Amino acid sequence: MQLLFNNLKGDRLIWAIAALLAIFSFLPVYSAASNLAYISGDGNTFNYFVKHFVHLFLGFAIIYGVHKVPYRYFRGLSMVMIPVVLVLLAATMFQPETTESLTNAKRWIKVPIVGFTFQPSTLASVVLMVYVARYLSKIKDKTVTFKETILPLWFPVFLVLVLILPANFSTTAIIFTMVIALAFLGGYPVKYLLLILLSGVAAFALFILVAKAFPDVMPNRIDTWASRIENFANGEDTEADYQIEKAKIAIASGYIKGVGPGKSTQKNFLPQSSSDFIFAIIIEEYGLIGGLFLMTLYLLLLFRIVIASHKADTIFGKLLVIGVGIPIVFQALINMAVAVELFPVTGQTLPLISSGGTSIWITCLAIGIILSVSARRQEIKEQEEREDNPLEILSETI
(Lines give C-alpha, C1' and ligand atoms only; values in the text may rest on other atoms or scores of the structure.)
Protein backbone atom coordinates (compact mmCIF):
# COMPACT_ATOMS: atom_id res chain seq x y z
CA MET A 1 0.00 0.00 0.00
CA GLN A 2 2.85 2.36 0.87
CA LEU A 3 4.44 1.60 -2.51
CA LEU A 4 1.16 2.53 -4.21
CA PHE A 5 0.98 5.86 -2.39
CA ASN A 6 4.60 6.59 -3.29
CA ASN A 7 3.70 6.11 -6.96
CA LEU A 8 0.89 8.65 -6.83
CA LYS A 9 2.15 11.78 -8.53
CA GLY A 10 0.65 15.20 -9.01
CA ASP A 11 -1.46 17.32 -6.69
CA ARG A 12 -2.15 15.20 -3.59
CA LEU A 13 -5.12 17.35 -2.63
CA ILE A 14 -6.83 16.59 -5.96
CA TRP A 15 -6.25 12.89 -5.23
CA ALA A 16 -7.79 13.37 -1.77
CA ILE A 17 -10.82 15.27 -3.07
CA ALA A 18 -11.52 12.65 -5.74
CA ALA A 19 -11.22 9.88 -3.12
CA LEU A 20 -13.52 11.72 -0.66
CA LEU A 21 -16.16 12.25 -3.35
CA ALA A 22 -15.99 8.57 -4.32
CA ILE A 23 -16.21 7.33 -0.72
CA PHE A 24 -19.02 9.75 0.07
CA SER A 25 -21.01 8.51 -2.95
CA PHE A 26 -21.45 4.93 -1.69
CA LEU A 27 -24.13 5.49 0.95
CA PRO A 28 -26.35 7.82 -1.16
CA VAL A 29 -26.12 5.51 -4.18
CA TYR A 30 -26.82 2.43 -2.06
CA SER A 31 -29.77 4.18 -0.41
CA ALA A 32 -31.22 5.53 -3.66
CA ALA A 33 -30.76 2.17 -5.38
CA SER A 34 -33.66 0.71 -3.39
CA ASN A 35 -36.06 2.36 -5.83
CA LEU A 36 -34.21 0.86 -8.81
CA ALA A 37 -34.21 -2.56 -7.13
CA TYR A 38 -37.95 -2.32 -6.56
CA ILE A 39 -38.65 -1.27 -10.16
CA SER A 40 -36.47 -4.07 -11.57
CA GLY A 41 -38.28 -6.59 -9.40
CA ASP A 42 -35.26 -8.29 -7.85
CA GLY A 43 -35.26 -6.22 -4.65
CA ASN A 44 -31.50 -6.63 -4.27
CA THR A 45 -29.86 -3.24 -3.67
CA PHE A 46 -26.46 -4.76 -2.98
CA ASN A 47 -26.04 -5.49 -6.69
CA TYR A 48 -26.19 -1.75 -7.38
CA PHE A 49 -23.67 -1.10 -4.61
CA VAL A 50 -21.25 -3.61 -6.16
CA LYS A 51 -21.84 -2.16 -9.62
CA HIS A 52 -21.06 1.34 -8.35
CA PHE A 53 -17.93 0.03 -6.62
CA VAL A 54 -16.74 -1.58 -9.87
CA HIS A 55 -17.36 1.65 -11.79
CA LEU A 56 -15.34 3.65 -9.26
CA PHE A 57 -12.58 1.04 -9.08
CA LEU A 58 -12.18 1.13 -12.87
CA GLY A 59 -12.40 4.92 -12.74
CA PHE A 60 -9.52 5.25 -10.30
CA ALA A 61 -7.56 2.74 -12.36
CA ILE A 62 -8.07 5.16 -15.27
CA ILE A 63 -6.83 8.06 -13.12
CA TYR A 64 -3.76 6.12 -12.10
CA GLY A 65 -2.94 4.98 -15.63
CA VAL A 66 -3.58 8.35 -17.30
CA HIS A 67 -1.67 10.40 -14.72
CA LYS A 68 1.44 8.31 -15.51
CA VAL A 69 1.30 9.40 -19.17
CA PRO A 70 3.33 12.58 -19.92
CA TYR A 71 0.71 15.17 -20.75
CA ARG A 72 2.50 16.27 -23.94
CA TYR A 73 1.26 13.04 -25.53
CA PHE A 74 -2.36 14.21 -25.18
CA ARG A 75 -1.63 16.88 -27.78
CA GLY A 76 -1.20 14.28 -30.51
CA LEU A 77 -3.81 11.90 -29.10
CA SER A 78 -6.50 14.58 -29.41
CA MET A 79 -5.84 14.74 -33.16
CA VAL A 80 -6.27 10.98 -33.42
CA MET A 81 -9.33 10.82 -31.17
CA ILE A 82 -11.37 13.56 -32.88
CA PRO A 83 -12.21 11.31 -35.88
CA VAL A 84 -12.90 8.43 -33.47
CA VAL A 85 -15.44 10.38 -31.41
CA LEU A 86 -17.07 11.71 -34.58
CA VAL A 87 -17.59 8.14 -35.77
CA LEU A 88 -18.95 7.10 -32.36
CA LEU A 89 -21.32 10.08 -32.24
CA ALA A 90 -22.54 9.41 -35.79
CA ALA A 91 -23.07 5.72 -34.98
CA THR A 92 -25.03 6.69 -31.87
CA MET A 93 -27.11 9.28 -33.69
CA PHE A 94 -28.04 7.05 -36.62
CA GLN A 95 -28.60 3.82 -34.73
CA PRO A 96 -32.09 2.31 -35.11
CA GLU A 97 -34.78 3.12 -32.59
CA THR A 98 -35.24 0.67 -29.72
CA THR A 99 -38.00 0.17 -27.21
CA GLU A 100 -35.45 0.12 -24.38
CA SER A 101 -34.96 3.88 -24.43
CA LEU A 102 -37.19 5.73 -21.99
CA THR A 103 -36.50 9.15 -23.47
CA ASN A 104 -36.26 8.51 -27.21
CA ALA A 105 -32.88 10.21 -26.97
CA LYS A 106 -30.16 8.44 -28.87
CA ARG A 107 -27.43 9.11 -26.34
CA TRP A 108 -26.09 5.62 -25.73
CA ILE A 109 -24.36 3.04 -27.82
CA LYS A 110 -24.10 -0.62 -26.87
CA VAL A 111 -20.59 -2.05 -26.97
CA PRO A 112 -20.57 -5.44 -28.78
CA ILE A 113 -19.45 -8.59 -26.95
CA VAL A 114 -19.02 -6.77 -23.61
CA GLY A 115 -22.67 -5.77 -23.59
CA PHE A 116 -22.50 -2.54 -21.57
CA THR A 117 -23.72 0.82 -22.85
CA PHE A 118 -21.53 3.85 -23.39
CA GLN A 119 -22.32 7.54 -23.89
CA PRO A 120 -19.95 8.91 -26.56
CA SER A 121 -20.87 12.56 -25.90
CA THR A 122 -19.08 12.50 -22.53
CA LEU A 123 -15.89 11.21 -24.14
CA ALA A 124 -16.28 13.72 -26.96
CA SER A 125 -16.42 16.61 -24.48
CA VAL A 126 -13.01 15.77 -22.97
CA VAL A 127 -11.38 15.01 -26.34
CA LEU A 128 -12.70 18.25 -27.79
CA MET A 129 -11.41 20.34 -24.87
CA VAL A 130 -7.95 18.78 -25.24
CA TYR A 131 -8.04 19.46 -28.97
CA VAL A 132 -9.04 23.11 -28.46
CA ALA A 133 -6.32 23.55 -25.81
CA ARG A 134 -3.78 22.15 -28.26
CA TYR A 135 -4.76 24.57 -31.03
CA LEU A 136 -4.95 27.62 -28.72
CA SER A 137 -1.49 26.89 -27.32
CA LYS A 138 -0.16 26.68 -30.88
CA ILE A 139 -1.46 30.13 -31.86
CA LYS A 140 -0.71 31.79 -28.51
CA ASP A 141 0.94 35.21 -28.98
CA LYS A 142 0.41 34.95 -32.73
CA THR A 143 -1.75 37.19 -34.87
CA VAL A 144 -4.45 35.06 -36.47
CA THR A 145 -7.39 35.81 -38.72
CA PHE A 146 -10.82 34.33 -38.26
CA LYS A 147 -10.66 32.67 -41.67
CA GLU A 148 -7.53 30.66 -40.90
CA THR A 149 -9.01 29.31 -37.65
CA ILE A 150 -12.31 28.11 -39.10
CA LEU A 151 -11.11 24.79 -40.48
CA PRO A 152 -8.58 23.66 -37.83
CA LEU A 153 -10.45 24.95 -34.75
CA TRP A 154 -14.15 25.62 -35.27
CA PHE A 155 -15.02 23.00 -37.86
CA PRO A 156 -14.31 20.02 -35.51
CA VAL A 157 -16.16 21.84 -32.72
CA PHE A 158 -19.13 22.38 -35.04
CA LEU A 159 -19.20 18.73 -36.13
CA VAL A 160 -19.12 17.41 -32.55
CA LEU A 161 -21.87 19.77 -31.40
CA VAL A 162 -24.09 19.02 -34.41
CA LEU A 163 -23.90 15.28 -33.70
CA ILE A 164 -24.68 15.72 -29.98
CA LEU A 165 -27.42 18.38 -30.22
CA PRO A 166 -30.36 16.29 -31.55
CA ALA A 167 -30.24 13.95 -28.55
CA ASN A 168 -28.75 16.10 -25.81
CA PHE A 169 -29.19 19.86 -25.81
CA SER A 170 -27.83 20.42 -22.27
CA THR A 171 -24.55 18.65 -23.00
CA THR A 172 -24.22 20.60 -26.26
CA ALA A 173 -24.79 23.89 -24.45
CA ILE A 174 -22.25 23.02 -21.74
CA ILE A 175 -19.57 21.98 -24.24
CA PHE A 176 -20.15 25.10 -26.36
CA THR A 177 -19.95 27.33 -23.27
CA MET A 178 -16.75 25.66 -22.07
CA VAL A 179 -15.11 25.92 -25.50
CA ILE A 180 -15.92 29.63 -25.68
CA ALA A 181 -14.60 30.16 -22.13
CA LEU A 182 -11.39 28.25 -22.91
CA ALA A 183 -10.89 30.20 -26.14
CA PHE A 184 -11.31 33.46 -24.22
CA LEU A 185 -8.80 32.41 -21.56
CA GLY A 186 -6.46 31.19 -24.30
CA GLY A 187 -6.29 34.67 -25.81
CA TYR A 188 -8.45 34.06 -28.89
CA PRO A 189 -9.63 37.45 -30.23
CA VAL A 190 -12.85 38.57 -28.55
CA LYS A 191 -14.30 39.99 -31.76
CA TYR A 192 -14.04 36.55 -33.33
CA LEU A 193 -15.61 34.92 -30.27
CA LEU A 194 -18.60 37.24 -30.59
CA LEU A 195 -18.94 36.14 -34.20
CA ILE A 196 -18.84 32.49 -33.10
CA LEU A 197 -21.50 33.17 -30.46
CA LEU A 198 -23.79 34.79 -33.03
CA SER A 199 -23.15 31.93 -35.45
CA GLY A 200 -23.98 29.41 -32.71
CA VAL A 201 -27.27 31.13 -31.91
CA ALA A 202 -28.15 31.32 -35.61
CA ALA A 203 -27.28 27.65 -36.14
CA PHE A 204 -29.41 26.62 -33.17
CA ALA A 205 -32.35 28.70 -34.45
CA LEU A 206 -31.99 27.03 -37.85
CA PHE A 207 -31.93 23.63 -36.18
CA ILE A 208 -35.19 24.43 -34.33
CA LEU A 209 -36.86 25.53 -37.57
CA VAL A 210 -35.77 22.37 -39.39
CA ALA A 211 -36.89 20.17 -36.49
CA LYS A 212 -40.27 21.89 -36.47
CA ALA A 213 -40.59 21.51 -40.24
CA PHE A 214 -39.74 17.80 -40.10
CA PRO A 215 -41.08 16.56 -36.74
CA ASP A 216 -40.78 12.89 -37.70
CA VAL A 217 -37.00 13.15 -37.78
CA MET A 218 -36.68 13.99 -34.07
CA PRO A 219 -40.01 13.25 -32.41
CA ASN A 220 -40.71 15.00 -29.09
CA ARG A 221 -37.18 16.42 -28.58
CA ILE A 222 -37.94 20.09 -29.32
CA ASP A 223 -41.21 19.88 -27.39
CA THR A 224 -39.36 18.37 -24.42
CA TRP A 225 -36.80 21.19 -24.36
CA ALA A 226 -39.50 23.83 -24.70
CA SER A 227 -41.70 22.32 -21.97
CA ARG A 228 -38.79 22.15 -19.52
CA ILE A 229 -37.98 25.81 -20.04
CA GLU A 230 -41.64 26.84 -19.86
CA ASN A 231 -42.21 24.84 -16.66
CA PHE A 232 -39.14 26.43 -15.11
CA ALA A 233 -40.17 29.94 -16.14
CA ASN A 234 -43.87 29.93 -15.20
CA GLY A 235 -43.31 28.96 -11.54
CA GLU A 236 -46.50 26.91 -11.41
CA ASP A 237 -46.63 23.29 -10.26
CA THR A 238 -47.79 20.95 -13.02
CA GLU A 239 -47.56 17.24 -13.74
CA ALA A 240 -44.45 17.93 -15.79
CA ASP A 241 -42.76 19.25 -12.64
CA TYR A 242 -43.10 15.91 -10.85
CA GLN A 243 -39.37 15.24 -10.47
CA ILE A 244 -38.38 18.71 -9.38
CA GLU A 245 -41.26 18.89 -6.87
CA LYS A 246 -40.20 15.59 -5.29
CA ALA A 247 -36.63 16.87 -5.19
CA LYS A 248 -37.73 20.02 -3.37
CA ILE A 249 -39.70 17.95 -0.88
CA ALA A 250 -36.59 15.88 -0.23
CA ILE A 251 -34.49 18.99 0.29
CA ALA A 252 -37.08 20.57 2.59
CA SER A 253 -37.21 17.37 4.65
CA GLY A 254 -33.48 17.41 5.31
CA TYR A 255 -33.30 20.54 7.46
CA ILE A 256 -29.84 20.99 9.02
CA LYS A 257 -28.73 17.47 9.94
CA GLY A 258 -30.92 15.36 7.64
CA VAL A 259 -33.11 12.38 8.40
CA GLY A 260 -30.12 10.01 8.51
CA PRO A 261 -28.30 7.71 6.06
CA GLY A 262 -30.65 5.41 4.18
CA LYS A 263 -33.79 6.98 5.65
CA SER A 264 -34.88 9.03 2.65
CA THR A 265 -38.51 8.63 1.64
CA GLN A 266 -38.43 10.64 -1.58
CA LYS A 267 -35.98 8.18 -3.15
CA ASN A 268 -39.02 5.95 -3.63
CA PHE A 269 -40.70 8.59 -5.81
CA LEU A 270 -37.81 10.19 -7.72
CA PRO A 271 -37.17 8.22 -10.95
CA GLN A 272 -33.56 9.49 -11.17
CA SER A 273 -32.79 9.40 -7.45
CA SER A 274 -29.38 7.73 -7.90
CA SER A 275 -28.18 9.88 -10.79
CA ASP A 276 -29.67 13.22 -11.89
CA PHE A 277 -31.34 14.05 -8.55
CA ILE A 278 -28.99 12.38 -6.11
CA PHE A 279 -28.11 15.77 -4.61
CA ALA A 280 -31.69 16.08 -3.33
CA ILE A 281 -31.43 12.66 -1.68
CA ILE A 282 -28.09 13.65 -0.12
CA ILE A 283 -29.61 16.76 1.45
CA GLU A 284 -32.64 14.80 2.67
CA GLU A 285 -30.43 12.23 4.39
CA TYR A 286 -27.49 14.43 5.45
CA GLY A 287 -29.16 17.83 5.64
CA LEU A 288 -27.73 21.23 4.91
CA ILE A 289 -24.44 20.09 6.47
CA GLY A 290 -24.06 17.29 3.91
CA GLY A 291 -24.98 19.57 1.02
CA LEU A 292 -22.50 22.26 2.08
CA PHE A 293 -19.79 19.63 2.61
CA LEU A 294 -20.28 18.35 -0.92
CA MET A 295 -20.32 21.84 -2.40
CA THR A 296 -17.14 22.69 -0.48
CA LEU A 297 -15.37 19.68 -1.98
CA TYR A 298 -16.24 20.77 -5.51
CA LEU A 299 -15.18 24.37 -4.85
CA LEU A 300 -11.93 23.13 -3.33
CA LEU A 301 -11.42 21.02 -6.45
CA LEU A 302 -11.96 24.16 -8.54
CA PHE A 303 -9.36 25.98 -6.46
CA ARG A 304 -6.79 23.20 -6.93
CA ILE A 305 -7.51 23.07 -10.67
CA VAL A 306 -6.72 26.79 -10.93
CA ILE A 307 -3.54 26.25 -8.89
CA ALA A 308 -2.49 23.30 -11.09
CA SER A 309 -3.10 25.39 -14.21
CA HIS A 310 -1.09 28.30 -12.82
CA LYS A 311 1.86 26.03 -12.00
CA ALA A 312 1.89 24.20 -15.34
CA ASP A 313 5.17 24.55 -17.21
CA THR A 314 3.69 25.19 -20.68
CA ILE A 315 0.80 27.12 -22.22
CA PHE A 316 -0.68 23.83 -23.42
CA GLY A 317 -0.53 22.45 -19.87
CA LYS A 318 -2.26 25.52 -18.44
CA LEU A 319 -5.07 25.43 -21.01
CA LEU A 320 -5.37 21.64 -20.77
CA VAL A 321 -6.02 21.72 -17.02
CA ILE A 322 -8.61 24.48 -17.37
CA GLY A 323 -10.24 22.82 -20.39
CA VAL A 324 -10.83 19.41 -18.81
CA GLY A 325 -11.09 20.53 -15.18
CA ILE A 326 -13.54 23.43 -15.13
CA PRO A 327 -16.35 21.41 -16.83
CA ILE A 328 -16.30 18.94 -13.90
CA VAL A 329 -17.12 21.66 -11.38
CA PHE A 330 -19.45 23.43 -13.82
CA GLN A 331 -21.46 20.23 -14.30
CA ALA A 332 -21.62 19.69 -10.53
CA LEU A 333 -22.97 23.19 -9.94
CA ILE A 334 -25.58 22.73 -12.69
CA ASN A 335 -26.72 19.43 -11.14
CA MET A 336 -27.10 21.12 -7.75
CA ALA A 337 -28.88 24.11 -9.28
CA VAL A 338 -31.41 21.81 -10.99
CA ALA A 339 -32.16 20.03 -7.70
CA VAL A 340 -33.01 23.32 -5.98
CA GLU A 341 -34.87 24.64 -9.08
CA LEU A 342 -32.39 27.37 -9.92
CA PHE A 343 -32.00 25.85 -13.39
CA PRO A 344 -34.24 23.88 -15.78
CA VAL A 345 -33.95 20.09 -15.74
CA THR A 346 -30.90 19.11 -17.79
CA GLY A 347 -30.14 15.45 -17.08
CA GLN A 348 -26.57 16.18 -15.99
CA THR A 349 -25.12 13.84 -13.35
CA LEU A 350 -23.16 14.79 -10.24
CA PRO A 351 -19.50 13.98 -11.03
CA LEU A 352 -18.07 11.03 -9.03
CA ILE A 353 -21.26 10.87 -6.95
CA SER A 354 -24.05 9.78 -9.29
CA SER A 355 -24.24 6.17 -10.40
CA GLY A 356 -23.34 5.38 -14.00
CA GLY A 357 -20.19 4.03 -15.55
CA THR A 358 -19.63 6.46 -18.44
CA SER A 359 -19.89 9.65 -16.37
CA ILE A 360 -17.56 8.26 -13.69
CA TRP A 361 -14.96 6.99 -16.15
CA ILE A 362 -14.81 10.17 -18.22
CA THR A 363 -14.61 12.32 -15.08
CA CYS A 364 -11.73 10.13 -13.93
CA LEU A 365 -10.10 10.50 -17.34
CA ALA A 366 -10.23 14.29 -16.96
CA ILE A 367 -8.82 14.13 -13.42
CA GLY A 368 -6.03 11.85 -14.64
CA ILE A 369 -5.10 14.41 -17.30
CA ILE A 370 -5.00 17.19 -14.68
CA LEU A 371 -2.78 15.07 -12.44
CA SER A 372 -0.50 14.32 -15.37
CA VAL A 373 0.11 18.04 -15.84
CA SER A 374 0.58 18.50 -12.09
CA ALA A 375 2.97 15.54 -11.96
CA ARG A 376 5.17 17.14 -14.62
CA ARG A 377 5.50 20.26 -12.49
CA GLN A 378 6.43 18.05 -9.55
CA GLU A 379 9.12 16.30 -11.61
CA ILE A 380 10.63 19.65 -12.64
CA LYS A 381 10.68 20.80 -9.01
CA GLU A 382 12.39 17.58 -7.87
CA GLN A 383 14.94 17.90 -10.67
CA GLU A 384 15.72 21.50 -9.66
CA GLU A 385 16.20 20.41 -6.06
CA ARG A 386 18.64 17.68 -7.14
CA GLU A 387 20.59 20.17 -9.26
CA ASP A 388 20.90 22.40 -6.19
CA ASN A 389 22.34 19.47 -4.24
CA PRO A 390 25.58 18.20 -5.90
CA LEU A 391 26.00 15.47 -3.27
CA GLU A 392 22.66 13.92 -4.25
CA ILE A 393 23.65 13.92 -7.94
CA LEU A 394 26.98 12.28 -7.02
CA SER A 395 25.24 9.59 -4.96
CA GLU A 396 22.83 8.81 -7.83
CA THR A 397 25.77 8.55 -10.25
CA ILE A 398 27.63 6.16 -7.96
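Both aspartate 11 and arginine 304 are buried, a word used here for a relative accessible area under 20%, with exposed meaning over 50% and partly exposed in between (1.4 Å probe, protein chains only). The model is predicted, and local features need pLDDT of at least 70, side-chain atom pairs count only at pLDDT 80 or more, and totals for chains, interfaces and linings use all residues. Residues are numbered from 1 along each chain as its sequence is written, and side-chain values use heavy atoms, with hydrogens and water left out.

Aspartate 11 and arginine 304 form a salt bridge, their closest N and O atoms being 2.7 Å apart; the term stands for a side-chain nitrogen of Lys or Arg within 4 Å of a carboxyl oxygen of Asp or Glu. Aspartate 11 lies in the loop between helix H1 (2-6) and helix H2 (12-40), and arginine 304 in helix H11 (residues 278-311), so the pair ties together parts that are 293 residues apart in sequence. Helices are DSSP runs of H or I with at least four residues, strands are runs of E with at least two, and both are numbered from the N terminus. By the salt-bridge rule the count comes to four.

Another of these bridges joins lysine 248 and glutamate 341, where the closest N and O atoms are 2.7 Å apart. Because lysine 248 lies in helix H10 (residues 242-254) and glutamate 341 in the loop between helix H12 (315-339) and helix H13 (357-387), the pair ties together parts that are 93 residues apart in sequence. Lysine 248 is partly exposed, at a relative accessible area of 29%, and glutamate 341 is partly exposed at 24%.

Aspartate 313 bridges to arginine 376, with 3.8 Å between the closest N and O atoms. Aspartate 313 lies in the loop between H11 and H12 and arginine 376 in helix H13, so this pair ties together parts that are 63 residues apart in sequence. Aspartate 313 counts as partly exposed at 33% relative accessibility, and arginine 376 counts as partly exposed at 32%. Salt bridges that share partners join Glu245, Lys248 and Glu341 into one network.

Serine 274 is found in the loop between H10 and H11. Is serine 274 buried or exposed? Serine 274 counts as buried because its relative accessibility is 6%. Leaving aside residues up to four places away in sequence, serine 274 touches Ala32, Leu36, Ser354 and Ser355, contact meaning heavy atoms within 4.5 Å.

The largest share of the patch, six residues, comes from helix H3 (residues 46-67). Valine 50 has its place in helix H3 and is partly exposed, with a relative accessible area of 34%.

The second largest pocket has a volume of about 770 Å³. Of the 28 residues that line this pocket, Phe158, Ser199, Gly200, Ala203 and Phe204 are the closest to its centre. Helix H6 (146-164), helix H7 (169-185) and helix H8 (190-213) are the elements that give two or more residues to the lining, and the largest share, ten residues, comes from H8. On a 1 Å grid over the protein atoms alone, a cavity is a set of points where a 1.4 Å probe fits but cannot get out, and a pocket is an open set with protein on both sides within 12 Å along at least five of seven lines; lining residues have an atom within 4 Å of a point. Grid points are joined across faces, edges and corners, and a volume is the space filled by probe spheres set on the points.
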